[in-house]
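Here is a short walk through one predicted model. Keep the sequence and the fold in view as you read.

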Amino acid sequence: MSLLFKHFPSASAVFNTNYRALRLYLSNRSLKAWATAGSHLWKRIRGRPSPTFVTIAVTYKCQSRCEHCYSNSPVRPPEEELTTEQLKSVIRQVRNLGAMAVHFSGGEPLLRKDIFDLVSYARSLGLQTRVNTNGILLNEENVKRLKAAGLTECGVSLDSADPAVHNKFRGTEDLHEQTLRGIRMLRKFGIPCRIMTVALKDSIPEGVEKTIALGKSLDASYMYILLPIASGGWDGAYEQILNSRERAQIRALQDLSFAHLEMPTERTNCCVFRKSILYVSANGNVTPCAFVPFVIGNVKEQPLELLWRYHTAKLNLGCRGDCPMNIPAEREAMREHVTSVAEELKSAFP
């Protein structure tokens, strides 16, 4: 099936995306979720930008010390985190924007005691839900509670089939073993598992191939391969970025149903520029995505709809085949865009 990606990359990537989405909606069994998806598509057809999903970081706290961590960016200081009610307000605003899904991230979202309530609340509004986790807290009790809350899928970070590589990259002893245990627990209780793996330079291509094989052996739903990005803990670390040959090697590992790449083709436009994503940090700061450290505004001061509308109205950029944070000129263009939006908002709403 990887040959189809080689000869028909764009069509194969679209098939992969739609196949995974259909599987999630069929497993979700929520009529509200189907209605939300229909509303989202109708807004898109009418030319009204609506994010496909919004990622909400619910905490900065985490047991791991990952090399590349994006929540540890110096422009996102660990200020007071949003309360449960504030987060529920953000979730309602996400639904009102017409988004189909909300992804709970961090830090480690399972460190928040209210995460189960937040998942349940989002589902009650017809949103698909995902919790992105390092896997440490995916014990039987927590997985049962996630299942009862109606979690659509769980994203688990697994960067190598080699325990030593994964543990070192994530800065946590014995993490690999705990992660695999968590993935198996998700499988036991029927929660779809999305394995998220960073394509490290030293792992291309053999290491990534072995990780894909491990993911399949664990019966995960699919694997999402992330490109290294010069942001967060790797801010300005352009030596970590994959070159065109390395990206091509990773793209060759994709297939129609399991392994999918963040940038599946060299023509794939950044999802920020497709106006399909937004990020809310644990202190309420809103940025174009989790990898972009430039702040549009804060949900404690301005409604999410207002921030989204001003952001997308002025957004006329594009970046294909790689993250704009990896290209100095594109990075600067993004910074200038966000600065312009933030200044316009401050002028209009002092």
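Helices and strands here are DSSP runs, numbered from the N terminus. By that numbering, Lys-275 lies in the loop between β7 and β8 (277-280). Hold that loop in mind; the tour returns to it.

Start with strand β6, residues 222-226. Buried means under 20% relative accessible area. Five of the five residues of β6 are buried, so the strand is largely enclosed by the rest of the structure. In a regular strand the side chains alternate between the two faces of the sheet. Both faces of β6 are covered. Tyr-222, Tyr-224 and Leu-226 are buried on one side, and Met-223 and Ile-225 on the other.

Next, the neighbours. Strand β5 (residues 193-198) pairs with β6 in the parallel sense, over five bridges. The chain gets from β5 to β6 through helix α9 (residues 206-217), in a right-handed β-α-β crossover. Strand β7 (residues 259-261) also runs parallel to β6, joined by three bridges. Here Tyr-224 stands opposite His-260. Helix α10 (residues 244-251) carries the chain from β6 to β7, and this β-α-β crossover is right-handed.

Now the loops. Most residues other than glycine have a negative phi, and most peptide bonds are trans. Asp-219 has a positive phi, near 65°. It sits in the loop between α9 and β6 and is partly exposed, with a relative accessible area of 41%. Lys-275 has a positive phi too, near 60°. The bond joining Ile-204 and Pro-205 is cis, with omega about -10°. Pro-205 belongs to the loop between β5 and α9. Another cis bond runs from Gly-106 to Gly-107, with omega near 10°.

Technical notes. Residues numbered from 1 in each chain as written. Predicted model: local features only at pLDDT ≥ 70, side-chain atom pairs only at ≥ 80, totals over all residues. Heavy atoms only, no water. Buried < 20%, exposed > 50% of the residue type's maximum accessible area, 1.4 Å probe, protein only. Helix = DSSP H or I, 4+ residues; strand = E, 2+ residues; numbered from the N terminus. Pairing = 2+ DSSP bridges. Right-handed = clockwise from strand over helix to strand, strands pointing away.
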